[in-house]
Amino acid sequence: MERLRCQRIGCNATFTEDDNPENSCTYHESGPLFHDGMKKWSCCKKSSHDFSLFLEIPGCKTGKHTTEKPVIAKPAANQNRAIPAPTSMANVSPKDACPRCCQGFFCSDHGSQPREAIPKASNSNTVTSVPYESNTDVQQCHPAPVKKKVDINEPQICKNKGCGKTFTEKENHDTACSYHPGPAIFHDRMRGWKCCDIHVKEFDEFMSISPCTTGWHNASPAS
């Protein structure tokens with residue numbers, strides 16, 4: 001029987017109609033929010049600055065797999081924004097309200113204004129010593145990462161952007177993976193990939209953009 005791809009946000013698993021029990025799907029109930037470089041799921045409020053880590057946040061709801069694309073409810077605009085109170089002029093002194101006094105000029109109504117002391121220029125020849133760190137100390141603080149030994153038949157999940165498939169090293173080759181080398185770009189409510197220069201408005205459209213590069217599956221790509 002043909003395996004189908006689940007369309008729920010955050011799932012991306014394959015299933016069959018005969019093998020689709022309750023609670024087999026873990027997904028996000030509502031769409032993401034993007035603001036000032038932060039990516040956050042509106043349903044569970046979990047967030048991350050890194051897009052790859054954001055996509056790895058597990059879903060907060062469970063149910064059955066489905067091939068129907070969910071309707072993402074857009075978050076309502078905040079109607080309770082605080083309105084800044086007007087500045088009261090009752091406590092402002094006449095000197096503070098006088099334009100001549102504010103600019104430091106002599107004013108016959110309020111008297112002369114004291115001049116602010118001009119700070120002395122610092123000696124430009126002064127050199128601040130910085131403690132020297134040897135390369136040995138740097139290497140001790142940041143040791144080289146240890147590569148994990150993996151069995152060639154052990155199932156792994158590809159971390160390349162836009163892939164997410166399960167693979168084994170035995171079946172891996174130079175055209176096994178279709179992915180986006182990235183990075184993902186979010187700007188002015190547009191979402192897209194810099195690698196293939198495709199930008200859309202809706203998040204589900206962004207997630208369905210076809211990968212533009214082929215290569216090896218990678219379970220631990222460089223950040």
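Begin at aspartate 188, which takes a positive phi near 50° in the hairpin of S11 and S12, where 2 residues lie between the strands. Strands here are DSSP runs of E with at least two residues, numbered from the N terminus, and two of them count as paired if DSSP finds at least two bridges between them. This is a predicted model, in which local features need pLDDT of at least 70 and side-chain atom pairs count only at pLDDT 80 or more, while totals for chains, interfaces and linings use all residues. Residues are numbered from 1 along each chain as its sequence is written, and side-chain values use heavy atoms, with hydrogens and water left out.

Next, select residues 184-187 (S11) together with residues 190-193 (S12), which pair in the antiparallel sense over 4 bridges; within this pair, histidine 187 stands opposite methionine 190.

Arginine 191 has valine 200 in S13 as its bridge partner. The hairpin of S12 and S13 has 4 residues between the strands, and aspartate 197 in that turn has a positive phi of about 55°.

Finally, move to the open sheet of 3 strands, whose order is S4-S5-S6 with antiparallel pairing. Its edge strands, S4 (32-35) and S6 (47-48), each pair on one side only. Select S4 with S5 (residues 38-41) to see an antiparallel pair with 4 bridges, in which methionine 38 of S5 is the bridge partner of histidine 35.
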